[in-house]
Amino acid sequence: MRSPLCWTSFWTITTKMFARDLGDYSFQCYLRQRWHDDRLKFHMDNVTEFTLSNRFLQYIWKPNTYFLNGKNSKAHNITVPNAFVRIRNDGHLYMSRRLTVNAKCPMHLHSYPMGKIKCPLKLGSFGYTTDDMQYFWKSGHTSVDTYEGLTMSTFELGIIETYNTTSSNTLGKFSILGVDIHMHRHIGFYILQTYLPCYLITSLSWISFWINSDAAPARVLLGVTTILSTAAIGMTVREGLPRVPYATALDIFLNVCLVYEMAALIEYAAVNYFITICSKLNAPPEEDEEEIVPPPPQRKAIYVNETDEREREILIEGDEYIEMETSRYNNSCCASSWRCLIGSSNYRPAKCELNDYEPGTNVNRIDKTARIMFPGSFIILNSLYWIGYLYLMES
């Protein structure tokens with residue numbers, strides 16, 4: 001059959017699309033195209049147009065339209081090919097086909113599972129340049145329609161934008177029709193399946209701050225269990241994600257939860273370390289046959305410097321002076337722990353004796369501080385997390 005280009009110098013393809021069903025990365029649609037072919041004009045009494053069977057499509061010229069960013073698309077043929085063509089007496093043709101289109105959608109997962117995505121769809125002629133054929137949307141921005149109440153499991157459909165453009169290469173310029181489908185993810189599923197369980201597991205790790213410091217098996221088992229549970233949730237939710245080289249919003253949240261759970265376990269290690277040292281230093285000496293001469297009582301002298309607001313503690317033990325200089329307004333639990341770690345071998349025994357430590361009855365100051373510091377800082381970080389991703393990233 002001769003090409004219609006022998007009969008006319010220019011073809012205009014008017015296109016309209018109706019989205020029937022939209023999946024995660026694919027959708028069903030009715031692709032409707034209109035064009036004019038002078039060879040198909042006819043004159044019949046009382047007949048202005050008629051519809052032909054889909055078998056007739058192979059005997060007429062039709063646009064070789066294809067999807068530029070499509071992959072594995074198909075036409076429906078059950079129970080018969082889902083296509084028809086309508087011809088008017090003036091040579092205008094209208095063709096409709098039902099298609100399932102799988103298109104590439106570039107996704108940026110920095111805000112996953114929040115944020116919006118834009119999936120483009122481009123269609124044009126496979127071989128005709130703009131000198132031979134040009135595509136137009138029939139009704140402008142309203143040329144792409146959808147079923148009312150169209151829903152998806154993981155996305156919510158937003159606006160649909162259409163545009164006309166041209167693409168150039170070594171063969172010439174080609175007319176392109178474009179569609180941008182805007183969607184944003186439903187976060188309810190992730191809140192129920194990921195965020196809420198991680199919140200509960202992380203909060204569970206803080207119960208160890210109220211458990212007696214002598215119950216090492218209970219506190220260690222609780223810490224290890226919470227870490228493994230959070231890691232298992234993280235591996236489950238990442239199964240269907242592409243392996244991107246950057247951290248998503250969900251990765252940041254899971255890692256923060258893991259850091260807090262590991263910090264709770266490390267906190268007990270620090271508590272146990274200081275308790276063990278004080279227990280050994282305050283243990284009664286072994287009885288000896290020789291008479292034990294008790295050491296002279298330890299005395300404490302405090303000198304205050306009003307200029308720089310610092311105080312100097314001097315522990316007087318016999319003829320030995322042990323100096324401990326601290327800031328009067330910075331005598332916190334963290335500062336004391338740090339001085340115990342870097343202090344001399346004489347500092348820790350002296351400090352333990354001054355605190356009158358009794359194993360099994362003392363509630364460690366580190367645990368007291370952790371009861372407030374861990375939940376408080378976790379709430380502040382989560383507030384910044386949700387504000388940043390739900391509002392700042394969206395704008």
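Reader: Let's start with disulfides. How many does a search of the whole structure find?

Author: A search of the whole structure turns up 1 disulfide. Keep in mind that this is a predicted model. The bond joins Cys105 to Cys119, with the sulfurs 2.0 Å apart.

Reader: Which parts of the chain does that pair tie together?

Author: Cys105 sits in the loop between β7 and β8, while Cys119 is in strand β8, so the link ties together parts that are 14 residues apart in sequence. You can also read a handedness from the bond: the torsion about S-S is about -80°, so this disulfide is left-handed.

Reader: Are Cys105 and Cys119 buried or exposed?

Author: Both of them are buried.

Reader: Okay, on to charges. How many salt bridges are there in the whole structure?

Author: The search finds 6 salt bridges. Take Arg219 and Asp367, whose side chains meet at 3.2 Å, N to O. Arg219 belongs to helix α2 (residues 216-237) and Asp367 to helix α6 (residues 365-392), so this pair ties together parts 148 residues apart in sequence.

Reader: Is Arg219 buried or exposed?

Author: Arg219 is buried, with a relative accessible area of 1%. Asp367 counts as buried as well, at 3%.

Reader: And what about Arg238? Which residue does it form a salt bridge with?

Author: Its partner is Asp251, and the closest N and O atoms are 2.7 Å apart. Arg238 lies in the loop between α2 and α3 (249-281), and Asp251 in helix α3, so the two tie together parts 13 residues apart in sequence. Arg238 is partly exposed at 33% relative accessible area, whereas Asp251 is buried at 14%. Salt bridges can share partners, too: Arg219, Glu267 and Asp367 are joined into one network that way.

Reader: Now the greasy residues. What do nonpolar side chains tend to do?

Author: In soluble globular proteins, nonpolar side chains tend to be buried together. In this model, the largest nonpolar core has 34 residues, and those with the most contacts inside it are Phe67, Val85, Val101, Leu121 and Met183. Strands that each supply at least two residues of this core include β2 (26-36), β7 (92-102) and β12 (172-185). A second, separate core has 25 residues, among them Tyr195, Ala249, Leu254 and Phe374.

Reader: Can we zoom in on a residue? Where is Leu93 found?

Author: Leu93 is in strand β7, and it is buried at 2% relative accessible area. Leaving out residues up to four places away in sequence, Leu93 touches several others, including Gln33, Trp35, Ile60 and Val85. Leu93 and Gln33 are 60 residues apart in sequence, yet 8.2 Å apart in space, C-alpha to C-alpha.

Notes. Residues are numbered from 1 along each chain as its sequence is written. This is a predicted model: local features need pLDDT of at least 70, side-chain atom pairs count only at pLDDT 80 or more; totals for chains, interfaces and linings use all residues. Side-chain values use heavy atoms; hydrogens and water are left out. A nonpolar core is a set of buried Ala, Val, Leu, Ile, Met, Phe, Trp, Tyr and Cys residues joined through side-chain atoms within 4.5 Å. Buried means under 20% relative accessible area, exposed over 50%, partly exposed in between (1.4 Å probe, protein chains only). Helices (H or I, at least four residues) and strands (E, at least two) are DSSP runs, numbered from the N terminus. Contact means heavy atoms within 4.5 Å. A disulfide is a pair of cysteine sulfur atoms within 2.5 Å. A salt bridge is a side-chain nitrogen of Lys or Arg within 4 Å of a carboxyl oxygen of Asp or Glu.
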